[in-house]
Amino acid sequence: MRSSLVVDLNGLRFAHPVLAAAGCLATRRDGPGLVDLHRLGGVVTRTLTLAPSKGAPTPRAAETASGMVSFVGLQNPGLEEFVAEDLPRLRKAQVPVIVSVAGSSLEEYIRIANALHDLEGIVALEVYLSGADGERGGEPFYARPDRIHEVVGAVSRLSRLPVFVKLPPLLPDLVETARLCVRDGAHGFTLIDAVPALAIDADRLRPRLAVPVGGLSGPAIKPIALAAVYRVARAMPDVPIMGVGGISTGEDAVEFFLAGAWAVQVGTAMLVNPSAPVEIARGIQAYLKAKGIASPGDLRGRLRIQSEVPEPEVMS
Amino acid sequence: MRRVSAEVLNARKLGVYHSITIVAPEVAERVRPGQFLSIGMPPERAFLLRRHFSIHQASRRGGWAGTLEFVFDPRGSGTAWLAEIKAHQFLDVIGPLGKAFAYPTKLNTCLLVAEGHGAAPLYFLAQELRARGKRVDMVVGAETQEHVFKPIEGKRLSQTIAIVTADGSLGERGSVLDAMPAMLESTRAQVVYAAAERSTLRAIAELCMERQIPSQVTVEEPMACGIGLCFTCTVPLIRKDGSGYDNVRACTEGPVFNPARILWDRWLLDEPRMAPTPPEGFPVVKAWPG
């Protein structure tokens with residue numbers, strides 16, 4: 001049987017299901033250029049804000065067991081420079097671009113979504129909700145269901161592009177929040193955002209990041225991400241999910257498809273191995289061939305569950 | 001810049017430090033002092049990020065053509081793993097990375113200042129400067145005698161050298177900062193190059209600015225990726241025209257910087273907190289070597 005890596009997320013097609021996750025690609029001020037853009041299934045940009053942002057003070061990252069705690073603070077060139085400089089470069093590479101957007105107020109989300117939906121090369125938006133909500137005392141947008149509802153509703157209504165909502169795993173009720181987003185017009189989800197995490201230097205009695213609490217990424221969060229994907233996919237099997245969190249091999253990606261993901265994003269693994277997405281795509285291909293499965297989409301729902309026990313309290 | 005699987009030619013202890021020499025002709029032929037290598041860690045281990053090391057030595061000619069040497073202090077899990085590497089094993093290497101030191105065109109007397117194994121890239125620089133007919137003097141410091149990096153090599157490479165240790169076990173007791181003023185006088189240094197930790201670099205930079213001596217420093221900033229993707233190793237750098245500053249990546253726009261352009265107050269925040277408002281009026285910094 002010939003297998004194909006093409007995936008279709010309810011109308012959004014990618015040549016293969018492995019995308020670069022937000023924040024793991026340089027912008028125009030490109031570094032050495034080790035990442036072969038046109039060989040990626042797609043690119044999620046660094047999270048973009050209306051105005052340029054200088055980001056957080058350093059240190060911004062610390063390695064922890066099987067992962068990395070980091071907080072870059074959304075350093076990005078801002079909308080204007082992104083459209084003038086970054087987008088043309090991505091367009092030239094002919095790679096589908098998903099723009100990750102953030103704001104510090106509802107109005108900023110609306111303005112940035114408005115500015116992006118008519119530009120060639122952009123195939124979708126990803127709404128980042130872990131930033132500080134300037135209208136609610138700086139707590140993250142995801143902390144309040146009413147704010148998620150407002151932001152996702154506004155962006156989805158405004159934009160002609162499909163909207164993916166990136167959610168962290170530790171919400172009071174992830175599945176219910178996801179349902180709410182779909183009612184508000186979300187096309188799909190990116191699961192999961194980095195897990196809030198703290199790394200401490202006991203010797204110096206200090207947090208290892210300048211801004212104490214950052215986000216944990218890398219293999220350490222893979223099982224957490226898989227559970228989030230599994231729970232949302234089971235509740236809404238027809239809503240596309242891009243799985244992200246600790247994927248570094250083809251087998252990791254396959255696990256996400258089995259849990260219910262339609263595509264995957266690679267973040268921390270790219271920092272370690274800039275050709276990781278291409279190698280992961282190859283790994284998926286090899287797995288499909290060995291198992292005689294036609295496409296990654298055919299892996300969804302294939303997970304053999306031994307017994308459906310009601311979810312324990314801790315999960316709700 | 002290339003990514004290669006490089007064979008280890010030699011791995012040995014060097015006092016308290018470790019040295020690894022790899023065979024990587026594609027990398028070695030382009031290397032300049034100040035640049036660094038990114039070394040991949042083994043898969044399936046708890047420490048996953050690449051480690052980054054200044055290049056100590058590159059031979060582009062002769063019998064050992066195509067080799068590169070880097071030096072490290074085996075303190076963490078990644079460097080402890082590297083310390084166990086033996087000859088003929090292979091390493092995942094990306095390099096050369098980062099901006100190199102610039103050589104002065106007209107000025108001739110260079111003072112190189114290093115702390116600990118920060119001397120490793122500066123010895124490489126010393127060779128290249130001497131090959132260009134420049135005079136090289138050095139200030140090399142460390143905690144103790146064992147931490148002074150290759151003092152004999154330092155003597156060989158320099159016209160005069162001041163060695164200092166914090167405990168006085170080798171050379172004068174003190175820090176490189178104590179030894180610098182006298183060396184600046186005696187050598188009439190026209191250019192300063194430095195490799196040290198942040199606070200020392202700042203003091204060196206201030207000393208040089210006071211005396212209007214152009215200088216370049218290499219920062220030892222921890223990097224998560226080393227290849228410009230993650231934006232975790234940023235340094236606040238004043239724009240050339242003084243119109244403000246940008247957080248630039250040490251791995252890509254550095255690790256060598258003109259210290260007159262580093263916004264030290266912002267970079268050396270004592271207490272971790274969100275960045276303060278930028279100061280008014282940035283200086284316009286003349287191009288290297290001023």
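Mentor: First, a term. A crossing is right-handed if the near helix is turned clockwise from the far one by less than a right angle, and left-handed if it is turned anticlockwise. Also keep in mind that this is a predicted model.

Now look at helix H4 of chain A, residues 174-183. H4(A) passes H5(A) in a right-handed crossing. Which residues make that contact? On the H4(A) side they are Leu174(A), Val175(A), Ala178(A) and Arg179(A). H5(A) answers with Ala228(A), Arg231(A), Val232(A) and Ala235(A). Sorted by class, this contact has six nonpolar residues, two charged ones and no polar ones. How do the two axes sit? The axes of H4(A) and H5(A), the helix of residues 222-235, come within 9 Å and cross at roughly 50°. H4(A) is therefore oblique to H5(A).

H4(A) has another helix partner to look at. This is H3(A), which spans residues 145-158. The axes of H3(A) and H4(A) come within 9 Å and cross at roughly 30°. Angles under 35 degrees count as roughly parallel. So H3(A) and H4(A) are roughly parallel to each other. H3(A) passes H4(A) in a right-handed crossing. From H3(A), the contact uses Pro145(A), Ile148(A), His149(A) and Val152(A). From H4(A), it uses Thr177(A), Leu180(A) and Cys181(A). By class, the contact of H3(A) with H4(A) has five nonpolar residues, two polar and no charged.

Stay in chain A for two backbone details. Most residues other than glycine have a negative phi, and most peptide bonds are trans. Where are the exceptions here? Asn10(A) is not a glycine, yet its phi is positive, about 50°. Find Asn10(A) in the loop between strand S1 (7-9) and strand S2 (12-14) of chain A. Next, go to Leu191(A): its peptide bond to Ile192(A) is cis, with omega near 15°. Ile192(A) sits in the loop between strand S10 (188-191) and strand S11 (195-198) of chain A.

Now step across to the other chain. How many residues of chain A does chain B touch? In all, 27 residues of chain B are in contact with 32 residues of chain A. On the chain B side, 19 of these are nonpolar, six are polar and two are charged.

Chain B carries a closed barrel. The barrel has six strands in the order S1-S2-S5-S4-S3-S6, with antiparallel pairing. On average, neighbouring strands are turned by 45° against each other, direction ignored. Take one pair of strands. S1(B), residues 2-14, and S2(B), residues 17-23, run antiparallel and are joined by seven bridges. Within S2(B), His18(B) stands opposite Lys13(B). Helix H3(B), residues 119-131, packs on this sheet and touches S4(B) (51-59) and S5(B) (67-72). Its direction makes about 30° with that of S4(B).

There is also an open sheet in chain B. Its seven strands follow the order S10-S9-S8-S7-S11-S12-S15, with mixed pairing. Which strands stand at the edges? They are S10(B) (172-173) and S15(B) (256-257); each has a single partner strand, so one side of each is left without a neighbour in the sheet. Look at a parallel pair too. S7(B), residues 109-115, and S11(B), residues 191-195, run parallel and share five bridges. There, Cys110(B) has Val191(B) as its bridge partner. H3(B) turns up again here. It lies across S7(B), S8(B) (135-142), S11(B) and S12(B) (215-218), and runs at about 165° to S7(B).

Chain B has a cis bond as well. It runs from Gly254(B) to Pro255(B), with omega near 5°. Pro255(B) is in the loop between S14(B) (245-249) and S15(B).

Finish with the domains. The assignment for chain B gives domain 1 (2-97), domain 2 (101-220) and domain 3 (223-285). The centres of domain 2 and domain 3 of chain B are 23 Å apart, taken over C-alpha atoms. Twelve residues of domain 2 contact twelve residues of domain 3 in chain B. On the domain 2 side, helix H6(B) (198-210) and S12(B) are the elements that give two or more residues. H6(B) supplies the largest share, six residues. By class, that domain 2 side has six nonpolar, four polar and two charged residues.

How values were computed:
Residues are numbered from 1 along each chain as its sequence is written. Chains are lettered from A and ligands numbered from 1 in the order in which they are written. This is a predicted model: local features need pLDDT of at least 70, side-chain atom pairs count only at pLDDT 80 or more; totals for chains, interfaces and linings use all residues. Axes are lines fitted to C-alpha atoms, for helices over the stretch in contact, and angles run from 0 to 180 degrees between N-to-C directions. Helices (H or I, at least four residues) and strands (E, at least two) are DSSP runs, numbered from the N terminus. Angles under 35 degrees count as roughly parallel, over 145 as roughly antiparallel, 65 to 115 as roughly perpendicular and the rest as oblique. Two residues are in contact if their C-beta atoms, placed from the backbone, lie within 7 Å. Ala, Val, Leu, Ile, Met, Phe, Trp, Tyr, Cys and Pro count as nonpolar, Asp, Glu, Lys and Arg as charged, and the others, Gly among them, as polar. Two strands pair if DSSP finds at least two bridges between them. Domain bounds come from an automatic or database domain assignment.
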